[in-house]
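Here is a short note to read beside the model. Keep the structure open and find each element as you go.

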Amino acid sequence: MPTHWENWSGSVRAAPAEVHYPRTLDEVIALVRTARARGVGVRVVGAGHSFTPLVATAGVLVSLDHFAGVERVDFPAQRATVRAGTRIHDLSAQLALHGLAQSNLGDINRQSIAGAISTGTHGTGAALGSLSTQVVALTLVSGTGEVITCSEQHNRDIFKAAQVSLGALGIITSVTLQLEPSYCLDYRWGREQLDVTLANLEYERIENRNFEFFWFPYSEWAQVKRSRRTDAPAQPRTLLRGFNDLVLENGVFWLLSELCRMVPPLSPRVAHLAGELISDGHEVNASHRVFASTRLVRFQEMEYSIPAAAMADAVRAIDARIRQARINVHFPIECRYVRADDIDLSPAYGRDSAYIAVHMYRGMPYRDYFAVVEPILRSFGGRPHWGKLHTLTAPELRALYPRWEAFAAVRRQLDPDGVFQNDYLRALLGDIGATV
Ligand SMILES: Cc1cc2nc3c(=O)[nH]c(=O)nc-3n(C[C@H](O)[C@H](O)[C@H](O)COP(=O)(O)OP(=O)(O)OC[C@H]3O[C@@H](n4cnc5c(N)ncnc54)[C@H](O)[C@@H]3O)c2cc1C
């Protein structure tokens, strides 16, 4: 009896024939071997927060929700080995009990750790890599049911492919993370003229540990967020941050979004108003609490990574195009920085990157908007975020990734029968050949 499955944004629906929640490594191995023998495809799901059909399957859907928790902590080395299904918010809480923290996180913490790294999930910080760069070793069950461990020192080719692998190589069962001692951030946010933000980008991205801005189309304003490390103790969360998070960024914004959904031509004026409403604030808190925002308003999203130095030019080009095409959009555009890495399929491979993300309220048409922005980002050498919407397929993607063939070789080695291949991965990565 097929089960109904839907992702966070509602952009993907699937009817897997079976859903499994293994509790042990042996159960994961048995699941893969049985599916392979039966000729049934397998996909793994984390928290279902990707916008694309990465986990869609009519075969076997595997969730590691019951294979979660911290397995081992090595405090002197500041490392922890974590089961793949662990949600990031649980992980942060457990690590804090050991006096440890992740160097950076994205702007929500609802993802599973394996799901997050598998698409190259990132936060912001010019000197900080994506979450995949925090992984120093991992274990996976391949398409033949073999258990493989890999790291920089051991099975390096597999490791570099597995750090961002879209669930195409096997089921990751645990990851070892390089962490740091728990730390607090001094976090300040406020309204700034977009022209000023763009003029100061080079200074801001180097001066702040974490720097990002959300700019409202049809408005001269950006919301700028800056964090620095501090030795000051965490303060109880202020009413202001709570008000900003829940009331302004979620409650009021949801009401404004519903208004735009019902009367789309109001979107430019709503975006303008939202820019006017940006508040200023300040908080000192544990890093993981500062990073995590509450996102109750659902949306569709496209995000591209481009060379860091191209941020201001790309923002100006998108701004001009939105106005020219009179796009009905009121969501802000999110602009972040990520350090270069050496991971085969990382969008930040080989270059310090700026990430630019566009959003559309769920229920409003997003394709025309994304179609207007995507060529601009591509013209700057953009690589799409693997978990977010885009229109690229294997022939275009291959040209963007110098290590494309290295990843493909590991994929053929680990999943020779295409047990983990679905229609979407076939289009994205190319057909592996003998598919089940
Ligand atoms: C509200 C919201 C905010 C977001 N914020 C950010 C952000 O700040 N930065 C950012 O970069 N992204 C962000 N994202 C995108 C999100 O982080 C990624 O899409 C991430 O991959 C989702 O993790 P997940 O656990 O939900 O994985 P899923 O979406 O369920 O799966 C993602 C991929 O991981 C694979 N996978 C999952 N578990 C395993 C496993 N055990 N072994 C092998 N493969 C596995 C799946 O097969 C799939 O290919 C956001 C998304 C939403 C909805």
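1. Strand S13 (residues 184-193) and strand S15 (residues 221-230) run antiparallel and are joined by ten bridges. Within this pair, Gly190 has Val224 in S15 as its bridge partner. Two strands count as paired if DSSP finds at least two bridges between them. Helices (H or I, at least four residues) and strands (E, at least two) are DSSP runs, numbered from the N terminus.

2. A word on the source. This is a predicted model: local features need pLDDT of at least 70, side-chain atom pairs count only at pLDDT 80 or more, and totals for chains, interfaces and linings use all residues. Residues are numbered from 1 along each chain as its sequence is written.

3. Now the eight-stranded sheet. It is open, with antiparallel pairing, in the order S16-S13-S15-S14-S18-S19-S17-S20. Strand S16 (281-286) and strand S20 (383-384) stand at the edges with a single partner strand each, so one side of each has no neighbour in the sheet. Helix H10 (residues 311-325) lies across strands S14 (210-215), S17 (299-307), S18 (333-338) and S19 (353-361). H10 runs at about 165° to S18. Such axes are lines fitted to C-alpha atoms, for helices over the stretch in contact, and angles run from 0 to 180 degrees between N-to-C directions.

4. Which strands stand at the edges of the five-stranded sheet? This open sheet has the order S6-S7-S11-S9-S10, with antiparallel pairing. Strand S6 (70-74) and strand S10 (147-151) are at its edges, each with a single partner strand, so one side of each is left without a neighbour in the sheet. From one strand to the next, the twist averages 15°.

5. Look at one end of that sheet. Strand S9 (residues 135-142) runs antiparallel to S10, and five bridges join them. Val141 stands opposite Val147 in S10. Helix H1 (residues 25-38) packs on the sheet and touches S9, S10 and strand S11 (170-178). The direction of H1 makes about 145° with that of S11. Contact here means that the C-beta atoms of two residues, placed from the backbone, lie within 7 Å.

6. Next, the domains. The chain is divided into domain 1 (65-181) and domain 2 (184-384), with bounds from an automatic or database domain assignment. Their centres, taken over C-alpha atoms, are 25 Å apart. In domain 1, 24 residues are in contact with 28 residues of domain 2. Helix H2 (88-97) and helix H4 (156-162) each supply at least two residues of the domain 1 side. H2 gives the most, with three residues.

7. Then the ligand. Its shell holds 32 residues, and the closest are Gly46, Gly106, Gly115, Gly167 and Gly387. A residue is near a molecule if its C-beta atom, placed from the backbone, lies within 6 Å of it. Strand S4 (42-45), helix H3 (113-118) and S11 each give two or more residues to the shell. The largest share, four residues, comes from H3.

8. Finish with the whole chain. Its secondary structure comes to 14 helices and 20 strands. The C-alpha atoms fill a box of roughly 60 × 50 × 40 Å, taken along the principal axes.
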